[in-house]
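I opened the model to take notes on its sheets, its helices and the contact between its chains. The entries follow in the order in which I looked things up.

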Amino acid sequence: MLLEVKNIHKTFDDMHILKGIDLSVNKGDVIAIIGPSGSGKTTFLRCLNFLAIADEGTMVFDDKKINFAEKVSKSDISDIRKRTAFVFQNYNLFFNKTALQNVTEGLIVARKVNKDVANKKAMALLEKVGLADRADYYPSQLSGGQQQRVAIARALATDPEIIYFDEPTSALDPELIGEVLNVMKQLAKEGMTMIVVTHEMNFAKEVSSRTIFMDDGIIVESGESKKFFDHPKQERTKAFLKMLEKE
Amino acid sequence: MNLQVFIDSFWKILLPGLTVSIPLTVISFSLAMVIAIITALIQFANIKILKDLARFYIWFIRGTPLLVQLFVVFYGLPSIGITIQAIPAAIIVFSINEGAYCAETMRGALESIPKGQLEAGYCVGMSYIQTIYRIVLPQALRVAFPSLFNALISLVKDTSLASNITVTEMMMQTRMINAKVYEALTLYLEVALIYLMFSTILTYIQRWGEKKLSSYEKH
Ligand SMILES: Nc1ncnc2c1ncn2[C@@H]1O[C@H](COP(=O)(O)OP(=O)(O)O)[C@@H](O)[C@H]1O
Ligand SMILES: [Mg+2]
């Protein structure tokens, strides 16, 4: 098991947002998290990467154990973050850095990788996401889809053991969604471990191994993706899927 | 207007401009920037106690006149045994004064940078300080650049106040020439013209700098 969290709770200003989430992730899993907006999906992903600190619950990441009831140490946070990556809904590229520099930053600054080595690796990753010819462009000169692909290259640069995606295509114009999903499909094929919060039901169904339905801070239902979509068990899941079909 | 007086005194007034007013501005402003960045970062990072000190400093300096601050340091401090030469006193007051204003500019600029970039920095493994230094601060400086440069242009003009604490900068020099030749209108318009010249040159530098810095903005 690569990652296991149990009983994750998170409260914001007296609002109980996460009400005990359990999840275990094996190497190579692609897990889709779906659910209505406001159900706590983003908050959950953020807790996994300590962008928000859970109030309660435990995490086991490979050999590291964290108990959120106690103060989480900075070194634990930093260690786990260095082994994971995060792709944001609105890309969050570094605006003062080129596409290439966005990818190399985590290598050169955080991991003290030699600059030439980092540049070479970054070029290969930009190639992989189809943006080698945009290496010297600044984020403001790239389309949303291109920015998100740079963000994925940036996530890949540090050889993460798991990548968290928070609705990576939700901010994109419809015609740009495909290019990002294709890159993600390729990663899934290569065996990358990913947790993907998404509204793309086809992606969840076709690409992910397991789908989780979250509503109101709890996991309502989860299961092997094909089964999940073909035969949802819970009424709330059925209602949610039906509502999406109508859209 | 007396053209001969104008011509005769031009170099005499310009010289202390080049040797006193400009260096006084450059040194004070550099120090002010250091103060401003530190003060702004203390507030941005929400460091307890230091943050209250920063707020107090800004409140105090912005709430009192620059001329009064100059008098306190140059004429006031000697009475408690702290005597500071005129030029160092001017540098101290100008940097502390300008630092307070620029700190507010910098704080606003830092807060205008989307928080997501800081989080992205964490997620690629960078520390808070690394992300601030490499990602947030450069962008904030870019945002603040026009305001900071305006502050610099104001400072060039404000250095004339140093004449009140015996610094022989352009204004003091003009007053001394006027005491001899009694051509107040000619001489004060002349020094005004030289300040205008300095400001204009700085405005051009500002435009050039803004173009240089805009490399990562939309073309
Ligand atoms: N930093 C925060 N402070 C206060 N409330 C928050 C914060 N982050 C999220 N929330 C609240 O938590 C709830 C769940 O948000 P989120 O996790 O973004 O849901 P989802 O991603 O499923 O749409 C929302 O009601 C949101 O307003
Ligand atoms: Mg969300």
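**Entry 1: the antiparallel sheet of chain A**

In what order do the strands of the open sheet of four strands in chain A lie? I read the order as E2-E1-E4-E5, with antiparallel pairing. I note here that this is a predicted model. At the edges I find strand E2 (15-25) and strand E5 (64-67) of chain A, each of which pairs on one side only.

I then went through the strand pairs. E1(A) and E2(A) are antiparallel and share eight bridges. Leu3(A) has Val25(A) in E2(A) as its bridge partner. The two strands E1(A) and E2(A) make a hairpin with two residues between them. In that turn, Asp13(A) has a positive phi of about 40 degrees.

On to E4(A): five bridges connect E1(A) with E4(A), and the two run antiparallel. There, Val5(A) is the bridge partner of Met59(A) in E4(A). Strand E4 (residues 56-61) of chain A is also joined to E5(A), in the antiparallel sense, by four bridges. For Val60(A), I find Lys65(A) in E5(A) as the bridge partner.

Which helices pack on this sheet? H1(A) is one of them; it touches strand E1 (3-12), E2 and E4 of chain A. The direction of H1(A) makes about 120 degrees with that of E1(A). Helix H2 (residues 74-81) of chain A packs there too, touching E4 and E5 of chain A. Its direction makes about 130 degrees with that of E5(A).

**Entry 2: the mixed sheet of chain A**

I next looked up an open sheet of six strands in chain A, in the order E6-E7-E8-E3-E9-E10. The pairing here is mixed. Strand E6 (84-87) and strand E10 (218-224) of chain A are the edge strands, and each pairs on one side only. From one strand to the next, the twist averages 15 degrees.

Inside the sheet I checked one parallel pair. Strand E3 (residues 30-34) of chain A and strand E9 (residues 210-215) of chain A run parallel and are joined by four bridges. Ala32(A) is placed opposite Thr211(A) in E9(A).

Helix H1 (residues 41-48) of chain A turns up again, packed on this sheet and touching E3, E6, strand E7 (162-166), strand E8 (194-197) and E9 of chain A. I read about 155 degrees between the direction of H1(A) and that of E7(A). Helix H6 (residues 174-189) of chain A lies across E3, E7 and E8 of chain A, at about 150 degrees to E8(A).

**Entry 3: salt bridges**

How many salt bridges does the structure hold over all chains? The count is 21. I looked at one in chain A, where the side chains of Arg210(A) and Asp29(A) meet at 3.6 Å, N to O. This pair links distant parts of the chain, 181 residues apart. Arg210(A) sits in strand E9 of chain A, and Asp29(A) in the loop between E2 and E3 of chain A.

**Entry 4: chain B**

I find eight helices and zero strands in chain B. Along the sequence, the pattern reads α-α-α-α-α-α-α-α. Taken along the principal axes, the C-alpha atoms of chain B fill a box of roughly 70 × 50 × 25 Å.

**Entry 5: the contact of chain B with chain A**

How many residues does each chain give to the contact? Chain B gives 20 residues and chain A gives 26 residues. The two chains bury about 1900 Å² between them, with 58% of it on carbon and sulfur atoms. On the chain B side, Cys123(B), Val124(B) and Tyr216(B) lose the most area to chain A, together 31% of what that side buries.

I counted polar features next. The rule finds two salt bridges across the interface of chain B and chain A. I also looked up a salt bridge between the side chains of Arg134(B) and Glu105(A), at 2.4 Å, N to O. Between the two chains there are eight residue pairs in polar contact.

Helix H5 (115-123) and helix H6 (128-158) of chain B are the elements that give two or more residues to the side touching chain A. H5(B) gives the most, with seven residues. By class, I noted eight nonpolar, eight polar and four charged residues on that side of chain B.

Definitions and conventions. Residues are numbered from 1 along each chain as its sequence is written. Chains are lettered from A and ligands numbered from 1 in the order in which they are written. This is a predicted model: local features need pLDDT of at least 70, side-chain atom pairs count only at pLDDT 80 or more; totals for chains, interfaces and linings use all residues. Side-chain values use heavy atoms; hydrogens and water are left out. Contact means heavy atoms within 4.5 Å. Buried area is the accessible area (1.4 Å probe) that two parts lose on being put together, summed over both. A salt bridge is a side-chain nitrogen of Lys or Arg within 4 Å of a carboxyl oxygen of Asp or Glu. A polar contact is a pair of N or O atoms within 3.5 Å; within protein, one must be able to donate a hydrogen and the other to accept it, and residues adjacent in sequence count only if both atoms are side-chain atoms. Ala, Val, Leu, Ile, Met, Phe, Trp, Tyr, Cys and Pro count as nonpolar, Asp, Glu, Lys and Arg as charged, and the others, Gly among them, as polar. Two strands pair if DSSP finds at least two bridges between them. Axes are lines fitted to C-alpha atoms, for helices over the stretch in contact, and angles run from 0 to 180 degrees between N-to-C directions.
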